[in-house]
Amino acid sequence: RERERDSWICVCVWGSRHHRHHHHRHPQCSALTAFLTEDPDDLAAAFARLDAAAATASATAAATSPPSKIKRMLGLGSSLPPPLQTSSAAAASPDQLAAAALVARVIDAEVGLIYGFLHLRAGSYVKGSYRLRKAWKAFSALVRELAPCAASLDPYITSSIALGSGMFLFFISLTPPKFLWLVSFVGFEADRERGLDSLRSAMLDPRGQRAPMALLFLIWVEMFFCERLDDAEALVTAALDVYPHGMLFAYLRGYMFRKRGALDAAAADFDAVIAASRRELPQLALAAMYERGSVLYMAERWADAAAVLSDFVDANRAPSFQAYATLELAYARHFAGESPHDIAPLLDDMPSRVRKHYTFDQFAARKAAEYAANNGISPTESCLIQAFNRNDASNPTGALELLATLASPDASTPVAAGLDEHALALLDLCDDDDVGGTVTTLPPNSPPPLCGMFHYAAGKAHAALGARRLALVHLLAVDALEHEL
(Lines give C-alpha, C1' and ligand atoms only; values in the text may rest on other atoms or scores of the structure.)
Protein backbone atom coordinates (compact mmCIF):
# COMPACT_ATOMS: atom_id res chain seq x y z
CA ARG A 1 0.00 0.00 0.00
CA GLU A 2 2.83 2.43 0.86
CA ARG A 3 4.55 1.66 -2.45
CA GLU A 4 1.29 2.33 -4.30
CA ARG A 5 0.87 5.63 -2.49
CA ASP A 6 4.43 6.74 -3.19
CA SER A 7 4.15 5.63 -6.80
CA TRP A 8 1.02 7.72 -7.15
CA ILE A 9 2.78 10.76 -5.73
CA CYS A 10 5.27 10.39 -8.57
CA VAL A 11 2.30 10.59 -10.91
CA CYS A 12 1.44 13.96 -9.32
CA VAL A 13 4.72 15.29 -10.63
CA TRP A 14 5.71 13.11 -13.57
CA GLY A 15 2.45 11.49 -14.69
CA SER A 16 4.20 8.11 -15.02
CA ARG A 17 4.74 5.15 -12.71
CA HIS A 18 7.71 3.77 -14.59
CA HIS A 19 11.31 4.65 -13.98
CA ARG A 20 14.63 2.85 -13.80
CA HIS A 21 15.92 4.05 -10.43
CA HIS A 22 13.04 2.77 -8.28
CA HIS A 23 15.17 2.36 -5.16
CA HIS A 24 15.84 6.12 -5.17
CA ARG A 25 12.45 7.33 -6.38
CA HIS A 26 10.55 6.14 -3.31
CA PRO A 27 12.56 8.28 -0.83
CA GLN A 28 11.88 11.32 -3.03
CA CYS A 29 8.16 10.62 -3.01
CA SER A 30 8.11 10.09 0.76
CA ALA A 31 9.93 13.40 1.13
CA LEU A 32 7.32 15.14 -1.03
CA THR A 33 4.56 13.68 1.15
CA ALA A 34 6.28 14.89 4.35
CA PHE A 35 6.94 18.32 2.88
CA LEU A 36 3.24 18.75 2.07
CA THR A 37 1.80 17.34 5.30
CA GLU A 38 4.49 18.35 7.86
CA ASP A 39 3.23 15.29 9.75
CA PRO A 40 5.77 13.75 12.20
CA ASP A 41 4.97 10.21 11.01
CA ASP A 42 5.47 11.19 7.38
CA LEU A 43 8.74 12.91 8.27
CA ALA A 44 9.93 9.80 10.10
CA ALA A 45 9.02 7.61 7.11
CA ALA A 46 10.84 9.96 4.75
CA PHE A 47 13.99 9.98 6.88
CA ALA A 48 13.90 6.16 7.10
CA ARG A 49 13.75 5.81 3.32
CA LEU A 50 16.46 8.41 2.88
CA ASP A 51 18.63 6.45 5.32
CA ALA A 52 18.08 3.32 3.24
CA ALA A 53 19.00 5.14 0.01
CA ALA A 54 22.09 6.61 1.65
CA ALA A 55 23.11 3.15 2.90
CA THR A 56 22.73 1.72 -0.60
CA ALA A 57 24.85 4.51 -2.04
CA SER A 58 27.50 4.03 0.64
CA ALA A 59 27.63 0.28 0.08
CA THR A 60 27.91 0.79 -3.66
CA ALA A 61 30.73 3.29 -3.23
CA ALA A 62 32.59 0.80 -1.05
CA ALA A 63 31.98 -2.07 -3.46
CA THR A 64 33.13 -0.10 -6.47
CA SER A 65 36.29 1.35 -4.99
CA PRO A 66 39.52 -0.19 -6.29
CA PRO A 67 39.97 -3.46 -4.34
CA SER A 68 43.14 -4.12 -2.39
CA LYS A 69 45.53 -6.94 -3.31
CA ILE A 70 44.08 -9.17 -0.61
CA LYS A 71 40.52 -8.52 -1.83
CA ARG A 72 41.55 -9.28 -5.39
CA MET A 73 43.16 -12.54 -4.27
CA LEU A 74 39.97 -13.51 -2.43
CA GLY A 75 37.73 -12.34 -5.29
CA LEU A 76 36.08 -9.64 -3.17
CA GLY A 77 35.10 -6.07 -4.00
CA SER A 78 33.75 -6.57 -7.51
CA SER A 79 30.01 -7.15 -6.89
CA LEU A 80 27.40 -4.45 -6.58
CA PRO A 81 24.64 -4.33 -3.94
CA PRO A 82 21.39 -5.74 -5.39
CA PRO A 83 19.60 -2.41 -5.93
CA LEU A 84 22.35 -1.18 -8.25
CA GLN A 85 23.40 -4.36 -9.97
CA THR A 86 23.78 -3.82 -13.69
CA SER A 87 24.16 -7.48 -14.62
CA SER A 88 22.94 -10.84 -13.46
CA ALA A 89 26.52 -12.00 -13.33
CA ALA A 90 28.27 -12.12 -9.98
CA ALA A 91 31.15 -9.97 -11.16
CA ALA A 92 30.91 -6.54 -12.82
CA SER A 93 33.20 -5.07 -15.44
CA PRO A 94 35.33 -2.02 -14.67
CA ASP A 95 33.02 0.18 -16.77
CA GLN A 96 30.00 -1.09 -14.88
CA LEU A 97 31.72 -0.46 -11.58
CA ALA A 98 32.61 3.10 -12.61
CA ALA A 99 29.06 3.81 -13.78
CA ALA A 100 27.57 2.41 -10.57
CA ALA A 101 30.02 4.42 -8.46
CA LEU A 102 28.96 7.59 -10.25
CA VAL A 103 25.27 6.84 -9.73
CA ALA A 104 26.02 6.23 -6.03
CA ARG A 105 27.68 9.64 -5.71
CA VAL A 106 24.74 11.38 -7.37
CA ILE A 107 22.26 9.58 -5.12
CA ASP A 108 24.32 10.51 -2.07
CA ALA A 109 24.29 14.18 -3.09
CA GLU A 110 20.55 14.17 -3.78
CA VAL A 111 19.78 12.42 -0.51
CA GLY A 112 21.78 15.09 1.31
CA LEU A 113 19.86 17.84 -0.48
CA ILE A 114 16.48 16.32 0.43
CA TYR A 115 17.65 15.69 3.99
CA GLY A 116 18.59 19.35 4.32
CA PHE A 117 15.26 20.67 3.07
CA LEU A 118 13.29 18.31 5.30
CA HIS A 119 15.32 19.25 8.38
CA LEU A 120 14.71 22.93 7.64
CA ARG A 121 10.99 22.22 7.16
CA ALA A 122 10.94 20.44 10.53
CA GLY A 123 12.71 23.38 12.21
CA SER A 124 16.09 21.66 12.67
CA TYR A 125 18.15 24.49 11.21
CA VAL A 126 21.59 23.32 12.35
CA LYS A 127 21.09 19.81 10.95
CA GLY A 128 19.55 21.22 7.82
CA SER A 129 22.40 23.64 7.21
CA TYR A 130 25.00 20.93 7.78
CA ARG A 131 23.29 18.56 5.34
CA LEU A 132 22.90 21.27 2.71
CA ARG A 133 26.57 22.28 2.94
CA LYS A 134 27.64 18.65 2.56
CA ALA A 135 25.33 18.19 -0.43
CA TRP A 136 26.60 21.40 -2.04
CA LYS A 137 30.18 20.14 -1.77
CA ALA A 138 29.15 16.85 -3.39
CA PHE A 139 27.35 18.56 -6.29
CA SER A 140 30.21 21.03 -6.79
CA ALA A 141 32.72 18.19 -7.04
CA LEU A 142 30.53 16.36 -9.56
CA VAL A 143 30.13 19.46 -11.72
CA ARG A 144 33.87 20.13 -11.66
CA GLU A 145 34.95 16.56 -12.40
CA LEU A 146 32.36 15.70 -15.04
CA ALA A 147 32.29 18.91 -17.08
CA PRO A 148 34.82 17.65 -19.69
CA CYS A 149 32.80 14.49 -20.45
CA ALA A 150 29.23 15.68 -19.81
CA ALA A 151 28.07 14.97 -23.37
CA SER A 152 28.82 11.24 -23.03
CA LEU A 153 27.17 10.72 -19.65
CA ASP A 154 23.88 9.01 -18.84
CA PRO A 155 21.08 11.67 -18.88
CA TYR A 156 20.14 10.52 -15.36
CA ILE A 157 23.52 11.74 -14.17
CA THR A 158 23.56 15.04 -16.04
CA SER A 159 19.96 16.02 -15.22
CA SER A 160 20.39 15.19 -11.54
CA ILE A 161 23.56 17.23 -11.24
CA ALA A 162 22.06 20.16 -13.17
CA LEU A 163 18.98 20.21 -10.96
CA GLY A 164 20.85 19.93 -7.68
CA SER A 165 23.54 22.50 -8.46
CA GLY A 166 20.98 24.84 -10.08
CA MET A 167 18.74 24.84 -7.01
CA PHE A 168 21.70 25.57 -4.75
CA LEU A 169 22.96 28.45 -6.87
CA PHE A 170 19.49 30.01 -7.07
CA PHE A 171 18.63 29.80 -3.38
CA ILE A 172 22.05 30.98 -2.26
CA SER A 173 21.71 33.98 -4.59
CA LEU A 174 18.79 35.17 -2.42
CA THR A 175 21.22 35.92 0.41
CA PRO A 176 21.31 39.67 1.22
CA PRO A 177 24.49 41.27 -0.17
CA LYS A 178 25.92 42.12 3.24
CA PHE A 179 25.93 38.41 4.18
CA LEU A 180 27.47 37.08 0.96
CA TRP A 181 30.92 37.09 2.55
CA LEU A 182 29.65 34.64 5.18
CA VAL A 183 28.06 32.44 2.52
CA SER A 184 31.34 32.37 0.62
CA PHE A 185 33.30 31.71 3.82
CA VAL A 186 31.34 28.51 4.59
CA GLY A 187 31.85 27.25 1.05
CA PHE A 188 28.71 28.24 -0.88
CA GLU A 189 28.58 30.11 -4.16
CA ALA A 190 25.90 32.64 -5.18
CA ASP A 191 25.21 32.91 -8.91
CA ARG A 192 21.53 33.24 -9.80
CA GLU A 193 21.84 33.32 -13.57
CA ARG A 194 24.14 30.31 -13.68
CA GLY A 195 21.70 28.50 -11.39
CA LEU A 196 18.75 29.27 -13.67
CA ASP A 197 20.76 28.20 -16.72
CA SER A 198 21.55 24.92 -15.00
CA LEU A 199 17.87 24.36 -14.18
CA ARG A 200 16.88 25.12 -17.78
CA SER A 201 19.41 22.60 -19.05
CA ALA A 202 17.91 19.96 -16.76
CA MET A 203 14.41 20.89 -17.92
CA LEU A 204 15.22 20.77 -21.64
CA ASP A 205 16.67 17.25 -21.65
CA PRO A 206 13.58 14.99 -21.80
CA ARG A 207 15.75 11.89 -21.36
CA GLY A 208 16.78 12.95 -17.87
CA GLN A 209 14.88 11.89 -14.76
CA ARG A 210 14.97 15.42 -13.36
CA ALA A 211 13.42 17.29 -16.31
CA PRO A 212 9.95 17.53 -14.68
CA MET A 213 11.36 18.55 -11.30
CA ALA A 214 13.45 21.28 -12.93
CA LEU A 215 10.37 22.43 -14.81
CA LEU A 216 8.35 22.50 -11.59
CA PHE A 217 11.02 24.56 -9.86
CA LEU A 218 11.27 27.04 -12.74
CA ILE A 219 7.49 27.49 -12.70
CA TRP A 220 7.74 28.28 -8.99
CA VAL A 221 10.46 30.87 -9.67
CA GLU A 222 8.46 32.59 -12.42
CA MET A 223 5.12 32.46 -10.61
CA PHE A 224 6.00 33.20 -6.98
CA PHE A 225 9.45 34.77 -6.96
CA CYS A 226 9.49 36.88 -10.14
CA GLU A 227 5.68 37.08 -10.55
CA ARG A 228 6.05 36.86 -14.34
CA LEU A 229 2.73 35.19 -15.02
CA ASP A 230 3.15 35.13 -18.80
CA ASP A 231 6.40 33.16 -18.50
CA ALA A 232 4.88 30.92 -15.83
CA GLU A 233 1.87 30.23 -18.04
CA ALA A 234 4.10 29.17 -20.95
CA LEU A 235 5.97 26.73 -18.70
CA VAL A 236 2.81 25.32 -17.12
CA THR A 237 1.22 24.82 -20.55
CA ALA A 238 4.32 22.99 -21.77
CA ALA A 239 4.39 20.88 -18.61
CA LEU A 240 0.78 19.73 -18.99
CA ASP A 241 1.34 18.97 -22.67
CA VAL A 242 4.07 16.52 -21.68
CA TYR A 243 2.64 15.39 -18.32
CA PRO A 244 -1.16 15.71 -18.77
CA HIS A 245 -1.88 13.84 -15.52
CA GLY A 246 0.64 15.76 -13.39
CA MET A 247 -1.59 17.12 -10.63
CA LEU A 248 1.02 19.47 -9.17
CA PHE A 249 1.22 21.18 -12.54
CA ALA A 250 -2.59 21.36 -12.70
CA TYR A 251 -2.62 22.89 -9.21
CA LEU A 252 -0.11 25.55 -10.26
CA ARG A 253 -2.11 26.34 -13.39
CA GLY A 254 -5.20 26.82 -11.23
CA TYR A 255 -3.24 29.17 -8.99
CA MET A 256 -2.08 31.12 -12.04
CA PHE A 257 -5.66 31.40 -13.33
CA ARG A 258 -6.76 32.67 -9.91
CA LYS A 259 -4.04 35.32 -9.91
CA ARG A 260 -5.24 36.46 -13.34
CA GLY A 261 -8.86 36.62 -12.22
CA ALA A 262 -9.94 33.73 -14.49
CA LEU A 263 -11.98 32.24 -11.67
CA ASP A 264 -13.98 29.68 -13.68
CA ALA A 265 -10.82 28.21 -15.21
CA ALA A 266 -9.13 28.15 -11.80
CA ALA A 267 -12.12 26.37 -10.27
CA ALA A 268 -12.02 23.70 -12.98
CA ASP A 269 -8.35 22.93 -12.30
CA PHE A 270 -8.80 22.81 -8.53
CA ASP A 271 -11.82 20.52 -8.88
CA ALA A 272 -9.75 18.19 -11.06
CA VAL A 273 -6.91 18.11 -8.52
CA ILE A 274 -9.32 17.40 -5.65
CA ALA A 275 -10.99 14.56 -7.54
CA ALA A 276 -7.69 12.97 -8.61
CA SER A 277 -5.81 13.22 -5.33
CA ARG A 278 -8.41 13.00 -2.55
CA ARG A 279 -7.74 9.31 -1.86
CA GLU A 280 -4.04 8.94 -2.58
CA LEU A 281 -2.56 12.29 -1.56
CA PRO A 282 -5.09 14.04 0.68
CA GLN A 283 -2.79 16.96 1.52
CA LEU A 284 -2.63 18.05 -2.11
CA ALA A 285 -6.42 17.68 -2.29
CA LEU A 286 -6.72 19.86 0.82
CA ALA A 287 -4.47 22.54 -0.67
CA ALA A 288 -6.65 22.53 -3.78
CA MET A 289 -9.77 22.65 -1.60
CA TYR A 290 -8.48 25.78 0.12
CA GLU A 291 -7.80 27.39 -3.25
CA ARG A 292 -11.28 26.33 -4.42
CA GLY A 293 -12.78 28.07 -1.40
CA SER A 294 -10.72 31.17 -2.12
CA VAL A 295 -12.00 31.22 -5.71
CA LEU A 296 -15.60 31.14 -4.45
CA TYR A 297 -14.72 33.85 -1.92
CA MET A 298 -13.31 36.06 -4.68
CA ALA A 299 -16.44 35.45 -6.76
CA GLU A 300 -18.46 36.72 -3.75
CA ARG A 301 -20.39 33.46 -3.57
CA TRP A 302 -20.30 33.70 0.20
CA ALA A 303 -22.42 30.70 1.20
CA ASP A 304 -20.62 28.37 -1.23
CA ALA A 305 -17.24 29.69 -0.09
CA ALA A 306 -18.19 29.17 3.55
CA ALA A 307 -19.17 25.55 2.87
CA VAL A 308 -15.88 24.68 1.14
CA LEU A 309 -13.70 26.59 3.61
CA SER A 310 -15.52 24.95 6.52
CA ASP A 311 -14.74 21.49 5.10
CA PHE A 312 -11.12 22.55 4.69
CA VAL A 313 -10.74 23.92 8.22
CA ASP A 314 -12.29 20.76 9.68
CA ALA A 315 -10.10 18.38 7.65
CA ASN A 316 -6.75 20.19 7.58
CA ARG A 317 -4.27 19.12 10.24
CA ALA A 318 -1.15 20.69 8.75
CA PRO A 319 -0.22 24.15 10.09
CA SER A 320 -0.32 25.75 6.63
CA PHE A 321 -3.35 27.93 5.81
CA GLN A 322 -5.08 27.31 9.14
CA ALA A 323 -5.20 30.85 10.54
CA TYR A 324 -5.98 32.75 7.35
CA ALA A 325 -8.51 30.16 6.13
CA THR A 326 -10.34 30.47 9.45
CA LEU A 327 -10.51 34.26 9.07
CA GLU A 328 -11.77 33.93 5.49
CA LEU A 329 -14.39 31.44 6.68
CA ALA A 330 -15.55 33.89 9.34
CA TYR A 331 -15.85 36.72 6.80
CA ALA A 332 -17.63 34.49 4.28
CA ARG A 333 -20.19 33.48 6.89
CA HIS A 334 -20.60 37.12 7.91
CA PHE A 335 -21.19 38.27 4.32
CA ALA A 336 -23.60 35.34 3.83
CA GLY A 337 -25.77 36.83 6.57
CA GLU A 338 -24.84 34.89 9.71
CA SER A 339 -24.77 36.74 13.01
CA PRO A 340 -21.49 37.61 14.76
CA HIS A 341 -22.76 35.69 17.79
CA ASP A 342 -22.87 32.46 15.75
CA ILE A 343 -19.49 33.15 14.14
CA ALA A 344 -17.58 34.02 17.32
CA PRO A 345 -16.97 30.41 18.51
CA LEU A 346 -15.10 29.69 15.26
CA LEU A 347 -12.50 32.30 16.23
CA ASP A 348 -11.99 31.23 19.86
CA ASP A 349 -9.01 28.98 19.11
CA MET A 350 -7.39 31.29 16.55
CA PRO A 351 -4.23 31.80 18.68
CA SER A 352 -3.48 28.05 18.42
CA ARG A 353 -3.55 28.29 14.61
CA VAL A 354 -0.89 31.01 14.40
CA ARG A 355 2.62 30.01 13.34
CA LYS A 356 5.62 31.96 14.59
CA HIS A 357 7.16 34.44 12.17
CA TYR A 358 4.23 34.21 9.71
CA THR A 359 2.85 37.73 9.33
CA PHE A 360 -0.28 36.52 7.49
CA ASP A 361 -1.12 34.31 10.47
CA GLN A 362 -0.49 37.17 12.90
CA PHE A 363 -2.69 39.48 10.82
CA ALA A 364 -5.48 36.89 10.82
CA ALA A 365 -5.28 36.55 14.61
CA ARG A 366 -5.44 40.32 15.09
CA LYS A 367 -8.46 40.70 12.80
CA ALA A 368 -10.19 37.77 14.52
CA ALA A 369 -9.66 39.43 17.90
CA GLU A 370 -11.08 42.69 16.52
CA TYR A 371 -14.10 40.85 15.12
CA ALA A 372 -14.84 39.29 18.52
CA ALA A 373 -14.23 42.52 20.45
CA ASN A 374 -16.41 44.64 18.16
CA ASN A 375 -19.14 42.02 17.75
CA GLY A 376 -18.58 41.88 13.99
CA ILE A 377 -17.30 44.42 11.47
CA SER A 378 -18.63 47.84 10.57
CA PRO A 379 -20.28 48.52 7.21
CA THR A 380 -17.25 50.60 6.20
CA GLU A 381 -14.75 47.85 6.98
CA SER A 382 -17.03 45.30 5.32
CA CYS A 383 -16.94 47.35 2.12
CA LEU A 384 -13.16 47.75 2.36
CA ILE A 385 -12.62 44.00 2.82
CA GLN A 386 -14.69 43.32 -0.28
CA ALA A 387 -12.73 45.97 -2.23
CA PHE A 388 -9.51 44.17 -1.27
CA ASN A 389 -11.13 40.95 -2.41
CA ARG A 390 -12.00 42.40 -5.82
CA ASN A 391 -8.43 43.61 -6.26
CA ASP A 392 -7.23 40.07 -5.50
CA ALA A 393 -9.69 38.78 -8.11
CA SER A 394 -8.13 41.10 -10.73
CA ASN A 395 -11.27 43.27 -10.74
CA PRO A 396 -9.86 46.75 -9.99
CA THR A 397 -12.83 48.52 -11.57
CA GLY A 398 -15.17 46.70 -9.21
CA ALA A 399 -12.94 47.61 -6.27
CA LEU A 400 -13.08 51.31 -7.18
CA GLU A 401 -16.86 51.12 -7.50
CA LEU A 402 -17.09 49.90 -3.91
CA LEU A 403 -14.63 52.52 -2.67
CA ALA A 404 -16.62 55.26 -4.37
CA THR A 405 -19.60 54.42 -2.14
CA LEU A 406 -17.51 55.23 0.92
CA ALA A 407 -16.09 58.62 -0.13
CA SER A 408 -18.39 61.61 -0.53
CA PRO A 409 -17.43 64.41 -2.97
CA ASP A 410 -16.33 66.70 -0.15
CA ALA A 411 -14.30 63.98 1.58
CA SER A 412 -10.95 64.77 -0.01
CA THR A 413 -7.50 65.86 0.97
CA PRO A 414 -4.84 67.92 -0.86
CA VAL A 415 -2.46 65.80 -2.90
CA ALA A 416 0.57 67.36 -1.27
CA ALA A 417 -0.75 67.07 2.29
CA GLY A 418 1.88 65.50 4.55
CA LEU A 419 4.24 64.65 1.70
CA ASP A 420 7.92 65.51 1.86
CA GLU A 421 10.05 66.63 -1.07
CA HIS A 422 11.07 63.07 -1.95
CA ALA A 423 7.45 61.97 -2.22
CA LEU A 424 6.59 64.97 -4.36
CA ALA A 425 9.55 64.19 -6.61
CA LEU A 426 8.15 60.68 -7.09
CA LEU A 427 4.87 62.17 -8.28
CA ASP A 428 6.73 64.20 -10.89
CA LEU A 429 8.18 60.99 -12.36
CA CYS A 430 4.71 59.71 -13.31
CA ASP A 431 3.83 60.58 -16.88
CA ASP A 432 0.11 59.75 -16.91
CA ASP A 433 -2.73 62.30 -16.53
CA ASP A 434 -2.65 64.83 -13.74
CA VAL A 435 -5.00 63.94 -10.88
CA GLY A 436 -5.78 67.50 -9.89
CA GLY A 437 -5.22 69.08 -6.52
CA THR A 438 -7.13 66.65 -4.26
CA VAL A 439 -7.72 62.95 -3.79
CA THR A 440 -10.80 61.31 -2.31
CA THR A 441 -10.65 59.77 1.14
CA LEU A 442 -12.93 58.55 3.90
CA PRO A 443 -15.06 61.04 5.85
CA PRO A 444 -13.32 63.10 8.56
CA ASN A 445 -12.67 61.41 11.90
CA SER A 446 -12.58 57.94 10.32
CA PRO A 447 -10.23 55.57 12.19
CA PRO A 448 -6.69 55.72 10.74
CA PRO A 449 -6.56 51.95 10.04
CA LEU A 450 -9.65 52.23 7.85
CA CYS A 451 -8.18 55.27 6.09
CA GLY A 452 -5.05 53.24 5.43
CA MET A 453 -7.12 50.34 4.05
CA PHE A 454 -9.04 52.75 1.80
CA HIS A 455 -5.96 54.35 0.29
CA TYR A 456 -4.13 51.07 -0.14
CA ALA A 457 -7.08 49.44 -1.91
CA ALA A 458 -7.50 52.52 -4.12
CA GLY A 459 -3.78 52.66 -4.91
CA LYS A 460 -3.65 48.99 -5.85
CA ALA A 461 -6.72 49.33 -8.09
CA HIS A 462 -5.41 52.42 -9.90
CA ALA A 463 -2.02 50.77 -10.38
CA ALA A 464 -3.69 47.76 -12.01
CA LEU A 465 -5.53 50.12 -14.37
CA GLY A 466 -2.30 51.92 -15.33
CA ALA A 467 -3.05 55.20 -13.53
CA ARG A 468 0.35 55.40 -11.91
CA ARG A 469 0.18 58.95 -10.60
CA LEU A 470 -3.20 58.43 -8.97
CA ALA A 471 -2.01 55.11 -7.54
CA LEU A 472 1.07 56.76 -6.08
CA VAL A 473 -0.98 59.54 -4.50
CA HIS A 474 -3.06 56.98 -2.60
CA LEU A 475 -0.07 54.86 -1.60
CA LEU A 476 1.81 57.92 -0.35
CA ALA A 477 -1.28 58.78 1.71
CA VAL A 478 -0.89 55.39 3.42
CA ASP A 479 2.76 56.21 4.10
CA ALA A 480 1.74 59.54 5.62
CA LEU A 481 -0.55 57.72 8.04
CA GLU A 482 2.27 55.53 9.34
CA HIS A 483 2.58 57.30 12.69
CA GLU A 484 -1.12 56.75 13.36
CA LEU A 485 -1.38 53.10 12.32
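User: Phe170: buried or exposed?
Analyst: Phe170 counts as buried because its relative accessibility is 0%. The cut-offs are under 20% relative accessible area for buried, over 50% for exposed, and partly exposed in between, with a 1.4 Å probe and protein chains only. The model is predicted, so local features need pLDDT of at least 70 and side-chain atom pairs count only at pLDDT 80 or more, while totals for chains, interfaces and linings use all residues. Residues are numbered from 1 along each chain as its sequence is written, and side-chain values use heavy atoms, with hydrogens and water left out.

User: OK, aromatics. How many aromatic pairs does the count come to?
Analyst: The count comes to 18 aromatic pairs. Rings of Phe, Tyr and Trp (its six-membered ring) pair if their centres lie within 6.5 Å; planes under 30 degrees apart are stacked, over 60 edge-to-face, and the rest tilted. In Phe170 and Trp220 the arrangement is edge-to-face, with 6.4 Å centre to centre and 85° between the planes.

User: And where do Phe170 and Trp220 sit?
Analyst: Phe170 is in helix α7 (residues 155-172) and Trp220 in helix α10 (residues 211-225), 50 residues apart, so the pair links distant parts of the chain. Helices here are DSSP runs of H or I with at least four residues, strands are runs of E with at least two, and both are numbered from the N terminus. Trp220 has a relative accessible area of 31% and is therefore partly exposed.

User: What about the rings of Phe224 and Tyr255?
Analyst: Their centres are 4.8 Å apart and their planes at 45°, so the pair of Phe224 and Tyr255 is tilted. Phe224 is in helix α10 and Tyr255 in helix α12 (residues 247-260), 31 residues apart. Phe224 counts as partly exposed at 32% relative accessibility, whereas Tyr255 is buried at 14%.

User: Which residues do ring pairs link into a cluster?
Analyst: Phe170, Phe217, Trp220 and Phe225.

User: Switching to packing. At what angle do α14 and α16 pack?
Analyst: Helix α14 (residues 282-298) and helix α16 (residues 322-335) pack at about 35°, with axes 11 Å apart. Axes are lines fitted to C-alpha atoms, for helices over the stretch in contact, and angles run from 0 to 180 degrees between N-to-C directions.

User: Which residues of α14 make the contact?
Analyst: Tyr290, Ser294 and Tyr297 of α14 make it, against residues of α16 including Tyr324, Glu328 and Phe335. Contact means heavy atoms within 4.5 Å.

User: Last one. What is Leu235 in contact with?
Analyst: Leaving aside neighbours within four places in sequence, Leu235 contacts Met203, Leu215, Leu218, Ile219 and Glu222. Leu235 belongs to helix α11 (residues 229-242) and counts as buried because its relative accessibility is 18%.
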